[in-house]
Amino acid sequence: MIYFIVQKIKRFRWLLIFVSYIFTLKYRLFKSNRVHFGSNFITNWKLRIQGPGKAILGNNVIAGAHEEPNIFSTFDRDATIEIGDNCRLNGAHFQSRKGIKIGNSCIIGSALLVDTDHHSVRSDRMTNPNSPVLSKPIEIGNNVWIAGHATILKGVTIGNNSVVGFGSVVASDVPQDSIVAGNPAKVIGKVPMVSGTI
Ligand SMILES: CC(C)(COP(=O)(O)OP(=O)(O)OC[C@H]1O[C@@H](n2cnc3c(N)ncnc32)[C@H](O)[C@@H]1OP(=O)(O)O)[C@@H](O)C(=O)NCCC(=O)NCCS
């Protein structure tokens, strides 16, 4: 699917890059110290970047959402959401208090990546504003596919080439070249490796 979309996009590439520039103009003009777009960035109007932290997008990223928008939300000045080169985002939602790093050539569907609990697990969470909230960075390797409706929780690392199945909840690390699925996500298979693809 992504392959055919990318082939179609290639035919109208320069027009899409120009239109994307218009869609991202408000970020380029008013948030350039916190938002960086790499070269050839393509998006549609369904892109939201909000919060005090940074969003850094690599070269040749396509973030053209069909249904859900691509949302970059930071909740701390030091939080950084970093997307590697050649990534494809289709309705991805990033919520960061620490840092979320995506490698190169990843496909992220309408999934949620959230590096914080947002609330304390302690019983005084409603009465004590200093009740501790746990947050830990997320790191995704190269050539990873995270399918729709998956959730990646705080502190998770996913190794190169791995696949996260539809609707999975990933609470612990995923080794490289693995297919994981379910809640909590477990390894259900190995990624068939083909030479010359990465
Ligand atoms: C993860 C995925 C790629 C695995 O496909 P696959 O390698 O063909 O795996 P299979 O269908 O043979 O399933 C293997 C086992 O895992 C289970 N499984 C597969 N996907 C699962 C999922 N998303 N959640 C829970 N269990 C899942 C199957 O039930 C099966 O269990 P069993 O061995 O007990 O019968 C596929 O299931 C998936 O989730 N695709 C995403 C589709 C999608 O969202 N596309 C939109 C693009 S972002």
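Predicted model: local features only at pLDDT ≥ 70, side-chain atom pairs only at ≥ 80, totals over all residues.

**Strand pairing, core and ligand shell**

Let me begin with strand β1, residues 35–37, which runs parallel to β4 and is joined to it by three bridges. Two strands count as paired here if DSSP finds at least two bridges between them. Strands (E, at least two residues) and helices (H or I, at least four) are DSSP runs, numbered from the N terminus. Within this pair, phenylalanine 37 stands opposite leucine 57 of β4.

Residues are numbered from 1 along each chain as its sequence is written.

β4 continues the pattern on to β7, with four bridges in the parallel sense. Isoleucine 56 has glutamate 82 of β7 as its bridge partner. These pairs belong to an open sheet of six strands, in the order β1-β4-β7-β10-β13-β16, with parallel pairing. β1 and β16 (157–158) are at the edges with a single partner strand each, so one side of each has no neighbour in the sheet.

I would like to stay with β7 for a moment, and with isoleucine 83, which is found in that strand. Is isoleucine 83 buried or exposed? Isoleucine 83 counts as buried, because it has 28 C-beta neighbours inside 10 Å. The cut-offs are these: buried means 20 or more other C-beta atoms within 10 Å of a residue's own, exposed means 12 or fewer, and partly exposed lies in between, with C-beta atoms placed from the backbone. Leaving aside neighbours within four places in sequence, isoleucine 83 is in contact with Leu57, Gly58, Val61 and Ile102; contact means C-beta atoms, placed from the backbone, within 7 Å. For one of these, valine 61, the C-alpha separation from isoleucine 83 is 8.1 Å, across 22 residues of chain.

We now turn to another sheet. Six strands form an open sheet with parallel pairing, in the order β3-β6-β9-β12-β15-β18. Its edge strands are β3 and β18 (169–170), each pairing on one side only.

β3 pairs with strand β6, residues 70–74, in the parallel sense over four bridges. Glutamine 50 stands opposite serine 73 in β6. Beyond four places in sequence, serine 73 touches Gln50, Gly51, Phe94 and Gln95. Its C-alpha atom is 6.1 Å from that of isoleucine 49, although 24 residues separate serine 73 and isoleucine 49 in sequence.

Further along this sheet, β12 pairs with strand β15, residues 151–152, through two bridges in the parallel sense. There, leucine 113 has isoleucine 152 of β15 as its bridge partner. Outside four places in sequence, isoleucine 152 is in contact with Ala111, Leu113, Ile138, Ile146 and Val170.

That residue brings us to the largest nonpolar core, which has 40 residues; Ile108, Ile152 and Val170 touch the most other members. Strands that each supply at least two residues of this core include β3 (47–50), β4 (54–57), β7 (80–83) and β12 (112–114). By nonpolar core I mean a set of buried Ala, Val, Leu, Ile, Met, Phe, Trp, Tyr and Cys residues joined through C-beta atoms within 7 Å.

Next, the ligand. It is surrounded by 13 residues, the closest being Gly109, Ala147, Gly165, Phe166 and Ala181; a residue qualifies if its C-beta atom, placed from the backbone, lies within 6 Å. β19 (178–181) and β20 (186–190) each supply at least two residues of this shell.

Finally, the chain as a whole. The protein chain has three helices and 20 strands. Its radius of gyration, taken over C-alpha atoms, is 17 Å, close to the 16 Å from the globule rule for 198 residues, so the chain is as compact as a globular protein of that length; the rule is 2.2 Å times the number of residues to the power 0.38. Of the 198 residues, 34% count as buried.

Definitions and conventions
Contact = placed C-beta atoms within 7 Å.
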